[in-house]
Amino acid sequence: MRHAFPGGTPALDFPGTLRFRHRPEPREDLDSPADLSIWFREAGITEADIPVGTADLRRALALREAVYPLILAAMADREYDPDALALVNHHAAGPTPVPRLTPTGRRVDATVDQALAHVARDVVAALSGPDVVLFKECGNPECSQVFIDRSRGARREWCAMDPCGNKIKAAAYRARKRAGTHGITGRSR
Ligand SMILES: [Zn+2]
(Lines give C-alpha, C1' and ligand atoms only; values in the text may rest on other atoms or scores of the structure.)
Protein backbone atom coordinates (compact mmCIF):
# COMPACT_ATOMS: atom_id res chain seq x y z
CA MET A 1 0.00 0.00 0.00
CA ARG A 2 1.25 3.42 -0.96
CA HIS A 3 -1.05 5.27 1.43
CA ALA A 4 -1.90 4.80 5.10
CA PHE A 5 -5.43 4.27 6.41
CA PRO A 6 -5.23 4.52 10.20
CA GLY A 7 -8.32 6.70 10.65
CA GLY A 8 -10.94 3.99 10.46
CA THR A 9 -13.01 5.78 7.82
CA PRO A 10 -12.31 7.75 4.61
CA ALA A 11 -13.57 10.94 6.28
CA LEU A 12 -10.53 10.84 8.56
CA ASP A 13 -8.04 9.16 6.24
CA PHE A 14 -8.53 11.61 3.38
CA PRO A 15 -7.45 14.70 5.40
CA GLY A 16 -4.65 12.48 6.70
CA THR A 17 -3.04 12.52 3.25
CA LEU A 18 -1.51 15.84 4.29
CA ARG A 19 0.57 14.30 7.04
CA PHE A 20 2.25 15.91 10.04
CA ARG A 21 0.27 19.14 9.79
CA HIS A 22 1.83 20.30 13.07
CA ARG A 23 5.27 20.44 11.47
CA PRO A 24 6.34 23.71 9.81
CA GLU A 25 6.33 21.72 6.55
CA PRO A 26 3.66 19.01 6.45
CA ARG A 27 4.15 16.03 4.15
CA GLU A 28 1.97 15.89 1.06
CA ASP A 29 0.96 12.36 0.04
CA LEU A 30 -1.17 13.55 -2.89
CA ASP A 31 1.59 15.12 -4.94
CA SER A 32 0.27 14.00 -8.31
CA PRO A 33 -3.02 12.96 -9.95
CA ALA A 34 -1.74 9.36 -9.92
CA ASP A 35 -1.35 9.51 -6.12
CA LEU A 36 -5.04 10.41 -5.83
CA SER A 37 -6.08 7.60 -8.16
CA ILE A 38 -4.11 5.14 -6.04
CA TRP A 39 -5.66 6.56 -2.86
CA PHE A 40 -9.20 5.96 -4.18
CA ARG A 41 -8.30 2.37 -5.04
CA GLU A 42 -6.46 1.62 -1.80
CA ALA A 43 -9.34 3.18 0.17
CA GLY A 44 -11.65 0.68 -1.54
CA ILE A 45 -13.69 3.43 -3.19
CA THR A 46 -12.69 2.27 -6.68
CA GLU A 47 -11.59 -1.15 -7.86
CA ALA A 48 -9.03 -0.09 -10.46
CA ASP A 49 -7.09 3.11 -11.05
CA ILE A 50 -9.29 5.76 -12.65
CA PRO A 51 -8.15 8.66 -14.83
CA VAL A 52 -7.34 11.72 -12.72
CA GLY A 53 -6.30 15.10 -14.13
CA THR A 54 -4.61 18.04 -12.47
CA ALA A 55 -7.90 19.96 -12.20
CA ASP A 56 -9.41 16.89 -10.50
CA LEU A 57 -6.55 16.85 -8.02
CA ARG A 58 -7.09 20.54 -7.26
CA ARG A 59 -10.79 19.90 -6.54
CA ALA A 60 -9.90 16.94 -4.35
CA LEU A 61 -7.38 18.94 -2.33
CA ALA A 62 -9.90 21.77 -1.89
CA LEU A 63 -12.40 19.25 -0.53
CA ARG A 64 -9.75 17.73 1.70
CA GLU A 65 -8.82 21.08 3.20
CA ALA A 66 -12.50 21.80 3.86
CA VAL A 67 -12.92 18.48 5.64
CA TYR A 68 -10.02 18.86 8.05
CA PRO A 69 -11.29 21.96 9.93
CA LEU A 70 -14.78 20.40 10.09
CA ILE A 71 -13.29 17.40 11.91
CA LEU A 72 -11.50 19.67 14.38
CA ALA A 73 -14.69 21.67 14.90
CA ALA A 74 -16.69 18.48 15.51
CA MET A 75 -14.11 17.28 18.05
CA ALA A 76 -14.07 20.62 19.88
CA ASP A 77 -17.83 21.07 19.62
CA ARG A 78 -17.29 24.33 17.76
CA GLU A 79 -19.41 25.76 14.95
CA TYR A 80 -18.60 24.61 11.44
CA ASP A 81 -17.08 27.00 8.95
CA PRO A 82 -19.96 27.72 6.53
CA ASP A 83 -17.76 27.66 3.39
CA ALA A 84 -16.22 24.32 4.36
CA LEU A 85 -19.65 22.94 5.10
CA ALA A 86 -21.02 24.15 1.77
CA LEU A 87 -18.18 22.53 -0.17
CA VAL A 88 -18.59 19.17 1.56
CA ASN A 89 -22.35 19.25 1.02
CA HIS A 90 -21.87 20.23 -2.61
CA HIS A 91 -19.72 17.14 -3.20
CA ALA A 92 -22.01 14.93 -1.11
CA ALA A 93 -24.97 15.88 -3.31
CA GLY A 94 -23.35 14.33 -6.40
CA PRO A 95 -23.73 10.74 -7.61
CA THR A 96 -21.46 8.11 -6.05
CA PRO A 97 -19.48 5.29 -7.70
CA VAL A 98 -21.52 2.43 -9.15
CA PRO A 99 -20.41 -1.03 -7.97
CA ARG A 100 -21.26 -4.13 -10.00
CA LEU A 101 -20.95 -7.75 -9.05
CA THR A 102 -19.19 -9.66 -11.82
CA PRO A 103 -18.54 -13.38 -12.28
CA THR A 104 -14.97 -12.79 -11.12
CA GLY A 105 -15.50 -10.22 -8.40
CA ARG A 106 -16.44 -6.57 -8.43
CA ARG A 107 -16.31 -3.75 -10.91
CA VAL A 108 -16.72 -0.13 -9.87
CA ASP A 109 -17.46 2.56 -12.41
CA ALA A 110 -16.42 5.91 -11.01
CA THR A 111 -15.33 9.35 -12.04
CA VAL A 112 -13.23 11.50 -9.75
CA ASP A 113 -16.32 13.50 -8.79
CA GLN A 114 -18.18 10.30 -7.93
CA ALA A 115 -15.26 9.13 -5.79
CA LEU A 116 -15.17 12.51 -4.05
CA ALA A 117 -18.92 12.28 -3.49
CA HIS A 118 -18.29 9.00 -1.70
CA VAL A 119 -15.72 10.69 0.54
CA ALA A 120 -17.99 13.68 1.18
CA ARG A 121 -20.94 11.44 2.12
CA ASP A 122 -18.67 9.58 4.50
CA VAL A 123 -17.80 12.94 6.07
CA VAL A 124 -21.51 13.70 6.50
CA ALA A 125 -22.10 10.28 8.08
CA ALA A 126 -18.99 10.31 10.30
CA LEU A 127 -19.39 13.82 11.67
CA SER A 128 -23.11 13.44 12.34
CA GLY A 129 -22.82 9.92 13.76
CA PRO A 130 -22.08 8.38 17.14
CA ASP A 131 -18.35 7.89 16.52
CA VAL A 132 -17.45 11.58 16.90
CA VAL A 133 -16.93 11.08 20.63
CA LEU A 134 -14.32 8.43 19.77
CA PHE A 135 -12.31 10.77 17.52
CA LYS A 136 -8.78 11.25 18.82
CA GLU A 137 -5.69 12.94 17.47
CA CYS A 138 -2.47 10.94 17.34
CA GLY A 139 -0.25 11.30 20.42
CA ASN A 140 2.79 12.20 18.33
CA PRO A 141 2.88 16.01 18.67
CA GLU A 142 3.89 16.40 15.01
CA CYS A 143 1.16 14.12 13.71
CA SER A 144 -2.27 15.48 12.92
CA GLN A 145 -3.97 12.21 12.06
CA VAL A 146 -7.37 11.82 13.69
CA PHE A 147 -8.62 8.28 14.20
CA ILE A 148 -11.64 6.53 15.70
CA ASP A 149 -10.46 5.00 18.95
CA ARG A 150 -12.39 1.75 19.24
CA SER A 151 -9.92 0.19 21.69
CA ARG A 152 -11.11 -1.04 25.07
CA GLY A 153 -11.13 1.81 27.52
CA ALA A 154 -10.20 4.20 24.68
CA ARG A 155 -6.49 3.67 25.30
CA ARG A 156 -5.18 3.88 21.75
CA GLU A 157 -2.56 6.62 21.59
CA TRP A 158 -1.13 6.53 18.08
CA CYS A 159 -2.48 6.59 14.56
CA ALA A 160 0.04 3.80 13.94
CA MET A 161 3.03 2.35 15.74
CA ASP A 162 5.13 3.02 12.68
CA PRO A 163 6.29 5.74 12.78
CA CYS A 164 4.35 7.58 15.50
CA GLY A 165 4.20 5.12 18.40
CA ASN A 166 7.75 3.92 17.85
CA LYS A 167 9.04 7.46 17.62
CA ILE A 168 7.46 8.58 20.90
CA LYS A 169 8.42 5.37 22.67
CA ALA A 170 12.02 5.72 21.51
CA ALA A 171 12.08 9.33 22.72
CA ALA A 172 10.68 8.26 26.09
CA TYR A 173 13.30 5.51 26.28
CA ARG A 174 16.11 7.98 25.55
CA ALA A 175 14.72 10.36 28.19
CA ARG A 176 14.63 7.55 30.74
CA LYS A 177 18.13 6.52 29.82
CA ARG A 178 19.40 10.10 30.16
CA ALA A 179 17.70 10.39 33.54
CA GLY A 180 19.24 7.07 34.52
CA THR A 181 22.78 8.04 33.52
CA HIS A 182 22.54 11.22 35.61
CA GLY A 183 22.83 8.97 38.63
CA ILE A 184 26.26 7.71 37.58
CA THR A 185 27.72 10.85 36.00
CA GLY A 186 29.48 11.58 39.28
CA ARG A 187 31.72 8.56 39.03
CA SER A 188 35.47 9.19 39.01
CA ARG A 189 37.41 9.41 35.78
ZN1 LIG B 1 0.46 9.61 14.10
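These entries record what I looked up in a predicted model of one protein.

**Entry 1: ground rules.** I number residues from 1 along each chain as its sequence is written.

**Entry 2: overall layout.** I counted 6 helices and 6 strands; helices (H or I, at least four residues) and strands (E, at least two) are DSSP runs, numbered from the N terminus. Along the sequence I read the pattern α-β-β-α-α-α-β-β-α-β-β-α. The C-alpha trace spans about 75 × 40 × 35 Å along its principal axes. Of the 189 residues, 28% are buried; I call a residue buried if 20 or more other C-beta atoms, placed from the backbone, lie within 10 Å of its own, exposed if 12 or fewer, and partly exposed in between.

**Entry 3: helix H3.** I found that H3 covers residues 54-76 and has 23 residues. H3 reaches 34 Å from its first C-alpha to its last, close to the expected 33 Å, which is 1.5 Å times one less than its number of residues. Its buried residues are Ala60, Leu63, Ala66, Val67, Leu70 and Ile71. An α-helix has 3.6 residues a turn, so residues three or four places apart point the same way. I noted that the cover over the buried residues of H3 includes helices H1, H2, H4 and H5 and strands S5 and S6. Just after H3, aspartate 77 takes a positive phi of about 60°.

**Entry 4: the core.** Of its 36 residues, Leu63, Val67, Leu116 and Val123 touch the most other members. H1, H2, H3, H5 and S6 each give two or more residues to this core, and H5 supplies the largest share, 9 residues. Leaving out residues up to four places away in sequence, valine 67 touches Ala11, Phe14, Pro15, Val88 and Val123; contact requires C-beta atoms, placed from the backbone, within 7 Å.

**Entry 5: arginine 2.** I located arginine 2 in the segment before H1. Arginine 2 is exposed because 10 other C-beta atoms lie within 10 Å. Beyond residues up to four places away in sequence, arginine 2 touches Ile38 and Glu42. Arginine 2 and glutamate 42 are 40 residues apart in sequence and 8.0 Å apart in space, C-alpha to C-alpha.

Terms used:
This is a predicted model: local features need pLDDT of at least 70, side-chain atom pairs count only at pLDDT 80 or more; totals for chains, interfaces and linings use all residues. Two residues are in contact if their C-beta atoms, placed from the backbone, lie within 7 Å. A nonpolar core is a set of buried Ala, Val, Leu, Ile, Met, Phe, Trp, Tyr and Cys residues joined through C-beta atoms within 7 Å.
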